[in-house]
Protein chains: 2
Amino acid sequence: MTTPSLTPTERTTLHRRPARGSYDVATVHAILDEALICHVGFSVDGQPYVLPTTHARIGDQLYIHGAVGGRFLKSVKGGIPVCVTVTLIDALVLARSAFHHSMNYRSVVILGVATEVTDPLHKRRAFEALIEHVVPGRSAQVRGANEQELKATTVLSLPILEASAKIRTGQPIDDEADYAVQCWAGLVPVSVAAGKPIADPKLSPGIALPPEVASYKRA
Amino acid sequence: MTTPSLTPTERTTLHRRPARGSYDVATVHAILDEALICHVGFSVDGQPYVLPTTHARIGDQLYIHGAVGGRFLKSVKGGIPVCVTVTLIDALVLARSAFHHSMNYRSVVILGVATEVTDPLHKRRAFEALIEHVVPGRSAQVRGANEQELKATTVLSLPILEASAKIRTGQPIDDEADYAVQCWAGLVPVSVAAGKPIADPKLSPGIALPPEVASYKRA
C-alpha cells in the first residue's frame, strides 16, 4: 500500500538545497522504475562497499537479487542496514563560471534493513519482477526459473519507507556579473539510449525480434 | 605514478566469477574516465549512505568534491573509509531462460580513505579536472573559480590503489537444453547519448555553440 508522501526522518531530510528534495511517493517510485540499475551500499567490518545491481519494485517494496554465496548477499541477508541509491542523469548544466556547473538529475536514496525473501511464491513473483523491470513483457516469453535456479538465487526485499528523491532541473544559475562572460551556456540533455539489437549467433532461424526489444527505451 | 597492474587485496579479490575481474591499471582508469558520475559510499553511525557525485582522475588519484557543510563531506573529510563505484552499462543480455538474463557492464570499485585537498594549487588543479572530466576543454572557456568559491568547496582525494574492475561482455550463455526455446535472444546495446544542446535563454547574442558541446559524447 502506498501513501501519497513519505515521512522524512533526520537521515533522509535534505539540509542542503531542501527545495530539491521530494518525499512524494509517486515521484520516488517513478525514478526507481525508470532507473535500469541501482547501487547498493553496505558495511563489512567498518568498510563500506557499493555494488551495482538490478532492482525491481512491487508496490512499496524494492527487490534486489544475487547469487547465493556472493560476498554482498552473504553480508546483507543477515539483516544489516543498507542504502540503495538510483540516479538518472538528465542533462549537463554548463554555466559561464566553473563553480556553477552542475547536472540535472533525479535520484532516490532508500535507507533500511533488507531481509531475505524465503516464501517460494513471493520469491518467484520478485524474480519475475526483476526481469520485467529490465524488459516489460519478457518474463512471459522465456523459460521461467526452476526450483534449482530459485534456490541458487538470494532475493532481498527493502521497504521503500525511509526514502527521499532529489531533483535538479533547469538552466544554469550564474552570478549576475558572469552573464556578461562571452561563453556558451546551456544544457546538454543526456539519456540512456538503446542501439540496434544484436541477435545471438546461436538464435534458431525464423525467430522474429519482439517489438518491446526492437523499440526498447527507458521511461 | 601508475603501475601496469594493481595488487588485489582480500577486499578487492573477486571470489565469484573471477574471470570477470581485472586489476589492470589502464582498464581501471579508462572506466573511471568514461563514467560521467560515481557513487560514493560511507558510513555514519553504522548506517551506510550512497550518494551520486561527479569525479575526476589525475594520475592515480580520484577527486570528488562538494559544498562545505554538506552531510557527506563533513562525514568523509575527517578521513573515514569510503568506497567509490562507477558503472557503465553496455548492453542488456537477453537469454532464453529468465535465470541467465544479465547485463554487459564495466564497473570499478575503489576502497580507501579519502582525504581533504588543502594545498591551494592542488585544489585548483583538481577543481579544473572535475570540469574537464565532464566537458574536455571547458575549463579554459569559463570564468575560473575565485578564492571564495574554492573556499566554499571541499575537494577530496582518494588513491586508486585498492581497486578492481569487473567486466562482462558477449552474448547470453544459456543452458544447453534452452537453445531450443523459441524465444528471441541476444543483446540490446545501451549507452549514454547526448541530445541537441539547449542554449540558456539568457545567452548573449552571437555566441556560437562550441564543437565539444555540439558533438558531445562519452568514451
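A residue is called buried here if 20 or more other C-beta atoms lie within 10 Å of its own C-beta. By this count, 38% of the 219 residues of chain A are buried. The model is a predicted one. Chain A holds five helices and 11 strands. Its C-alpha atoms fill a box of roughly 65 × 50 × 35 Å along the principal axes.

Two copies of a chain are related by a rotation about an axis and a shift along it. B:V192 belongs to β10(B), where it stands opposite A:V192.

Strand pairing crosses between the chains. β10(A) and β10(B), each made of residues 186-194, run antiparallel and are joined by five bridges. β10(A) also pairs with β11(B), residues 198-199. That pairing is antiparallel too, and it has two bridges. In it, A:G186 stands opposite B:A199. A further partner of β10(A) lies within chain A. This is β5(A), residues 81-94, which runs antiparallel to β10(A) and is joined to it by four bridges. A:V93 has A:L187 of β10(A) as its bridge partner.

The contact between the chains takes 78 residues from chain B and 78 residues from chain A. Several elements of chain B each supply at least two residues to the side that touches chain A: β2, β3, β5 (81-94), β6 (102-113), α3 (120-134), β10 and β11. The most comes from β10(B), with nine residues. By class, this side of chain B has 47 nonpolar, 22 polar and nine charged residues. How do the surfaces of the two copies correspond? Of the interface residues of chain B, 100% are also interface residues in chain A, so the copies meet through the same surface.

Two of the contributing strands, β2(B) and β3(B), also form a hairpin. β2(B) spans residues 37-44 and β3(B) spans residues 47-58. The two strands run antiparallel, and eight bridges join them. B:S43 stands opposite B:P48 of β3(B). Two residues lie between the strands of the hairpin. There, B:D45 takes a positive phi near 55 degrees.

Helix α3(B) also supplies residues to the side that touches chain A. Which residues of α3(B) are buried? They are B:K123, B:A126, B:F127, B:L130, B:I131, B:H133 and B:V134. These residues cover an arc of only 160 degrees around the axis, which puts them on the same side of α3(B). An α-helix has 3.6 residues a turn, so residues three or four places apart point the same way.

Terms used:
Residues are numbered from 1 along each chain as its sequence is written. Chains are lettered from A and ligands numbered from 1 in the order in which they are written. This is a predicted model: local features need pLDDT of at least 70, side-chain atom pairs count only at pLDDT 80 or more; totals for chains, interfaces and linings use all residues. Two residues are in contact if their C-beta atoms, placed from the backbone, lie within 7 Å. Two strands pair if DSSP finds at least two bridges between them. A residue is buried if 20 or more other C-beta atoms lie within 10 Å of its own, exposed if 12 or fewer, and partly exposed in between; C-beta atoms are placed from the backbone. Ala, Val, Leu, Ile, Met, Phe, Trp, Tyr, Cys and Pro count as nonpolar, Asp, Glu, Lys and Arg as charged, and the others, Gly among them, as polar. The arc is that of the directions from the helix axis to the C-beta atoms.
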